[in-house]
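Please examine the sequence and the structure displayed below.

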Number of protein chains: 2
Amino acid sequence: MSPACRLSIALVHYPVWNKNQEVVATAVTNLDIHDIARSARTFGVARYYIVTPLAEQQKLVEKIRQHWIEGWGAGYNPKRKMALELLQTESSLDDALRDIEARTGRRAKLVVTGAAGRGNSVSFAGLKGVMEAEADQHYLLLLGTGWGLTEEVFNRGDYLLEPISGGSDYNHLSVRSAAAIMLDRLFGR
Amino acid sequence: MSPACRLSIALVHYPVWNKNQEVVATAVTNLDIHDIARSARTFGVARYYIVTPLAEQQKLVEKIRQHWIEGWGAGYNPKRKMALELLQTESSLDDALRDIEARTGRRAKLVVTGAAGRGNSVSFAGLKGVMEAEADQHYLLLLGTGWGLTEEVFNRGDYLLEPISGGSDYNHLSVRSAAAIMLDRLFGR
């Protein structure tokens, strides 16, 4: 299997930091669902998980998904249907990992991402090399919402991916833009 | 000047195609403003133009800009202020070109983009090479909304940039994701 189909994405809404360094559950953003699903489909990613423990938010995501997969949207825009077929809601990171294990028979390795530089990070080229070398291994790329993934999540990562640098002193991409660039750096041709 | 500060972006809301191959003016999307401004700032781009001939839409963009530059948002999120300082509304592509000429003394070359492959396109590496070789030249990268830029705009392009391929048969990125990937391919480190 090519590297991209052994990678899934999780957009994590809990646990993440808010602006005041408190651990919170963020609200789901409609365009996060669409943009990241479209990027995931473009680069051949296996699955796109929206992780939120909030039942009302899960229902909202499911409603959007069904609109585009089975509802009016499916006929209006079949290309959007193809993207949102990758979408799945899970209550926690562990539930997403269990789903990957059920699908593939393998425990996925966690790739943690964030805008701040930290020690021991792997470069995009480095991760690409690892993924090509470990030909049966599955990976789950974690994207934070709000002010980013908490330390608890960072500490669970098998790999910490280097932050995206644009060569300036400014490094505040949206999670949608960051996801697109990450997938392009890993799988784009 | 580094290549990125000789490039501006225009998000074109007119003239573009709609789903039925009619020429229309699309509505401005709030997250297009924010996401592309943040990407532009991250990669050191000179200016980010929102091109729309509709006065009400121009007012909306201006209201959003002022909220984050001078209003409540400026104190709440100074990083967002830094990004939206690049933002400027223009009524037409020619007005954006005139603004660049007024700022730089140079007529910008037009770089046209689209999801469909066409003949005579320049690769990302090719455009990067051109921008490094022509050290005084300014460029305006045109991004279409709706179903993409019209033939009239394509025919004005000095360069037609190759479409982004993710190696799959699916090529339907959001304009926000496409902009992020383009800037990363041209200026990312």
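In what kind of interaction do the side chains of A:Asp94 and A:Arg107 meet? They meet in a salt bridge, with an N to O distance of 4.0 Å; the term denotes a side-chain nitrogen of Lys or Arg within 4 Å of a carboxyl oxygen of Asp or Glu. This is a predicted model, in which local features need pLDDT of at least 70 and side-chain atom pairs count only at pLDDT 80 or more, while totals for chains, interfaces and linings use all residues. Residues are numbered from 1 along each chain as its sequence is written, chains are lettered from A and ligands numbered from 1 in the order in which they are written, and side-chain values use heavy atoms, without hydrogens and water.

**Salt bridges**
- Over all chains, the structure holds 28 salt bridges.
- A:Asp94 lies in helix 5 (residues 93-104) and A:Arg107 in the loop between helix 5 and strand 6 (109-112) of chain A, so their pair ties together parts that are 13 residues apart in sequence (helices, H or I of at least four residues, and strands, E of at least two, are DSSP runs numbered from the N terminus).
- A:Arg176 forms a salt bridge with B:Asp35, with the closest N and O atoms 2.6 Å apart.
- That pair crosses between chains, from helix 8 (residues 175-187) of chain A to helix 1 (residues 30-42) of chain B.
- A:Arg176 and B:Asp35 are both buried (buried: under 20% relative accessible area; exposed: over 50%; partly exposed: in between; 1.4 Å probe, protein chains only).

**Surroundings of A:Gln137**
- A:Gln137 is placed in the loop between helix 6 (124-133) and strand 7 (139-144) of chain A.
- A:Gln137 counts as buried because its relative accessibility is 8%.
- Its side chain makes a polar contact of 3.1 Å with the side chain of A:Arg106 (N or O atoms within 3.5 Å; within protein, one must be able to donate a hydrogen and the other to accept it, and residues adjacent in sequence count only if both atoms are side-chain atoms).
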